[in-house]
Structures are given as C-alpha cells and as structure tokens.
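Me: I would like to learn how to read a few features of a structure. Please show me the case at hand.

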Amino acid sequence: MKRFPEVNDIQSWMKYVDTLPSLGEQWVESAKLPGNPEILSDTLGANFKAKTALAGSLLLSKRIAKHSPEQNVGLLLPTTAGSMIASMAVMVLGKTLVTLNYTAPMESILSAIEQAELKTVYTSSRFLQNLKGRGVDLSSLTDKVTMIMLEDLHGDISPWEKVSTMLQCTLFSASHLRKKFCASPVLDSTAVILFSSGSEGPPKGVMLSHKNILANVKQVSNILNADSDDVIMANLPIFHSFGMTACLFLPMLERIKMICHIDPTDVVTNAKAIREHKATLFFGTSSFFRLYIKNRKVKAEDLASLKLIIAG
C-alpha cells in the first residue's frame, strides 16, 4: 500500500518530494519493478513491456546525447508510444524537454523555438507527412532548427546493441542502471518547458521543475489509487499540462498500463481502443467527452470498462 502525505498538507508534500529521485531516475525505478507487464500500447500497433520500453528509452537517450549537447531539447510528436519513450529518453539525460504545439500558428511555434533557444527538434517523418496531408506544412522549421527523425535514429541502432541493452535492463538492478545511464539533476532544475498557444500575444513559456511534476504525479496517483489491472486511455496532447501529467508522466512513472491515440476528437477510434484494451481510466475535457454523446457510432458497450472519467 502506497503511503503519501495528506493531500491538503502542502508542507508534507514538499518534504516528501524532496526525497524522490529525478524524473529519469524515477522512470528507471518504475520500469524495474518486479515483473515485466505490458505497459504501453498505441492505436498504430505498437506494444511495449516495461523493460522493453526502458531499453528503448536508454537506446534513444544515447542518440539524443550525440545530436543534442545543449540543455533544451524540442519534441514535436503526437500522443503515441514512441513519443512517450522519446520523452523519457530526454528525462534520462537530465535535459529539459520542450514539447511544441503543432496545432499552434507557425509564428507561435517559431516564437517558442526562439525563446527556448532550441537547436534540435525530434519528430517523425510519418507524423509530418500526416500533418501535411491535413494542410499543416512544418517544413519551414528547418530554417531555424535541425529536425531529427526518430525513424532515422531507430535505423541507426544495431541488433547487437538492442540485445545488449535489453539484457542489461533485464539483469541489472535499478540502482546500477541509474548509475550507468541517468543524469542526476537537482529536483528544482527545469525538466519541462510548456508554451501557451499564443492566442493572447507571444507564447509564454512555463518552466516546470522535476519537483513540480513529481508532486503532481504522486498527488494524482494518491487520489486514483490505481489497481494493477487498470488501463489509462491516453489521447491528450503532451504539449498541454493536463496531457503531459495524465497521459505521459503519471502512467510512465507509476507503471499504469496505457493505450495511446493521437487525436482526442477521433471518438470512434478512441472508443474502439477503450473496448479492445478494456481501459478503466479516462482523462479529457468536457468538450471532448461531449463528442462521445453526439456520435451515434459510439455505443454504450464500447465504454463499459471505464470506471473513472476525469474532466479538466
């Protein structure tokens, strides 16, 4: 049984979070808990067990370290299993993750890149083609930053390195893996920078520390009290604080299985994923949830497994 401070006791929470490791180190601890259950899937067909996801993040962290010696690292990805692993790879390195809002106007994206002093942005050629098909062309970003495709990084990993890293994740202790692979940033250092959409002037960057995020994750976990068979339906974008907390760091750090989908408004595919994966926890907004009521293709039985829906 997890023992957390009282939810309303701010001083106790501050003291408690000071005892925790960084986000990257916490991820290693979570993935190395006993057993190796499936923890991460998406509607594109990806499926990862805990130690496989950990190995993927460690392999990717080596590539990011090679291409991005700077502190701030940009990520332009939808809510998929790949983006979760890429995010944790940045956390393992102790770098600052800057999640870019690909739905914002181009001038807002460029402003965020300039303010965060980004030199590299990690994305997916498949995702960029998908955006281009919807009339969103981000190719001009290459004039400001180096765009690195995750597909290219995956192709650079040899079969031997995959096997070797997987063996280490299976055989080595969490403390050994933390010492070998993880940076140890101070908890008050900036872990994530989130930018507003720019609807009220230039985008505003909000700097969130490891302590900020860890406290929120533990507080939400305390309230949810998730069981080992719970499954989170994760479809909120990680460039917003709600999606970042509920659909990235909460399930990854607390080892709650999740199923990802790139579009919260695609209610038919989301409903299908909820039914097939027997999702029990669902975070969203009232406007998104209203779409399920209006769409006649969504049936009550599709959502029968849900036991808790959290609107924000």
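**Cysteines, core and a helix**

Reply: Start with C247: its sulfur is 7.7 Å from the closest cysteine sulfur, in C260, too far for a bond. This is a predicted model, where local features need pLDDT of at least 70, side-chain atom pairs count only at pLDDT 80 or more, and totals for chains, interfaces and linings use all residues. Residues are numbered from 1 along each chain as its sequence is written, and side-chain values use heavy atoms, with hydrogens and water left out.

Me: How many disulfides does the rule give?

Reply: A disulfide is a pair of cysteine sulfur atoms within 2.5 Å. The count here is zero.

Me: Is C247 buried or exposed?

Reply: Buried means under 20% relative accessible area, exposed over 50%, partly exposed in between (1.4 Å probe, protein chains only). C247 is buried, at 0%. C169 is buried too, at 0%.

Me: Which residues have the most contacts inside the largest nonpolar core?

Reply: In soluble globular proteins, nonpolar side chains tend to be buried together. A nonpolar core is a set of buried Ala, Val, Leu, Ile, Met, Phe, Trp, Tyr and Cys residues joined through side-chain atoms within 4.5 Å. The largest has 66 residues, and W27, L40, I213 and F249 have the most contacts inside it. Helix α4 (residues 81-92) gives the most to this core, nine residues. Helices are DSSP runs (H or I, at least four residues), numbered from the N terminus.

Me: Which residues of α10 are buried?

Reply: They are H210, K211, I213, L214, A215, V217, K218, S221 and L224. Just after α10, N225 takes a positive phi of about 50 degrees.

Technical notes
Helices (H or I, at least four residues) and strands (E, at least two) are DSSP runs, numbered from the N terminus.
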